[in-house]
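Q: I have a model to read and want to learn how its features are called. Where do we begin?

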Amino acid sequence: ISEDYRTVRTSILFSHAGSAPQIIAFTSTLPQEGKTATIANMAISFAQLGERVLLIDGDLRKHRLHKVFRVRNVVGLSGYLTGKISLEDVIQRTGVENVWLIPSGLHPPNPAELLNSDKMRELIMLVREEFDIVLIDTPPVLAAIDPVIISSFSDGTIFVIRAGKTMRKLFLQAVDE
């Protein structure tokens with residue numbers, strides 16, 4: 001499996017003419033398609049190259065990355081976007097060398113508005129300077145508008161589909177979003 005993730009990593013690195021994408025959003029059509037597992041493994045794969053990797057749990061509705069990397073979710077993206085917490089306080093080290101995480105934080109009442117804010121654009125500019133690669137976990141496209149917002153300031157978007165589960169019609173509908 002790790003070899004498969006290295007193959008995907010190589011495809012990502014060569015996907016853009018000139019330079020590799022730095023800010024990459026991950027989404028899916030529906031829940032339970034393996035998006036969070038994929039982004040976690042991709043972070044580890046990039047870190048093995050010596051890259052400084054930041055994961056951002058941009059799924060403010062159903063966050064899971066903090067569980068995968070066993071970090072606290074008390075402070076996070078939602079706190080930063082509301083101006084209550086500094087960027088330095090939300091970036092957390094994980095147990096994996098070269099991998100940091102901004103967990104989602106507490107569940108806000110207005111996720112789409114927070115993600116579509118000037119503060120989010122500022123965050124992307126700041127982390128672009130500090131990290132080699134930034135991977136953003138988003139909700140499924142057919143569940144919320146959030147992935148469309150996040151994709152607008154990403155260099156690329158990875159669409160995770162589960163073989164044998166994701167229906168073609170729903171996938172095509174999600175891509176049209």
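The dialogue below takes up cores, a helix pair, backbone angles and one histidine.

Q: What should I know about the model and its numbering?
A: This is a predicted model, where local features need pLDDT of at least 70, side-chain atom pairs count only at pLDDT 80 or more, and totals for chains, interfaces and linings use all residues. Residues are numbered from 1 along each chain as its sequence is written, and side-chain values use heavy atoms, with hydrogens and water left out.

Q: Which residues touch the most other members of the largest nonpolar core?
A: A nonpolar core joins buried Ala, Val, Leu, Ile, Met, Phe, Trp, Tyr and Cys residues through side-chain atoms within 4.5 Å. Buried means under 20% relative accessible area, exposed over 50%, partly exposed in between (1.4 Å probe, protein chains only). Here the largest core has 26 residues, and Leu54, Leu77, Ile102 and Leu123 touch the most other members. Helix H7 (residues 118–130) contributes the most, with 4 residues. Helices (H or I, at least four residues) and strands (E, at least two) are DSSP runs, numbered from the N terminus. A second, separate core has 20 residues, including Ile12, Phe26, Met42 and Leu135.

Q: What does Leu123 touch?
A: Contact means heavy atoms within 4.5 Å. Leaving out residues up to four places away in sequence, Leu123 touches Ile56, Leu77, Tyr80, Leu87 and Ile102.

Q: At what angle do the axes of H1 and H2 cross?
A: Axes are lines fitted to C-alpha atoms, for helices over the stretch in contact, with angles from 0 to 180 degrees between N-to-C directions. The axes of H1 (residues 2–13) and H2 (residues 35–47) cross at roughly 75° and come within 9 Å. That makes H1 roughly perpendicular to H2. The classes are roughly parallel under 35 degrees, roughly antiparallel over 145, roughly perpendicular from 65 to 115, and oblique for the rest. H1 brings Tyr5, Arg6, Val8, Arg9, Ile12 and Leu13 to the contact, and H2 brings Ala37, Thr38, Asn41, Met42, Ser45 and Phe46.

Q: Where does Arg70 lie, and is Arg70 buried or exposed?
A: Most residues other than glycine have a negative phi. Arg70 has a positive phi of about 55°. Arg70 sits in the loop between helix H3 (65–68) and helix H4 (77–81). Its relative accessibility is 77%, so Arg70 counts as exposed.

Q: What is the phi of Asn98?
A: Asn98 has a positive phi of about 75°. Asn98 is in the loop between strand E3 (92–93) and strand E4 (99–102). Asn98 is buried, at 18% relative accessible area.

Q: Which residues does His66 touch?
A: His66 lies in helix H3 and is buried, at 12%. Not counting residues up to four places away in sequence, His66 touches Asp57, Val71, Asn73, Leu101 and Pro103.
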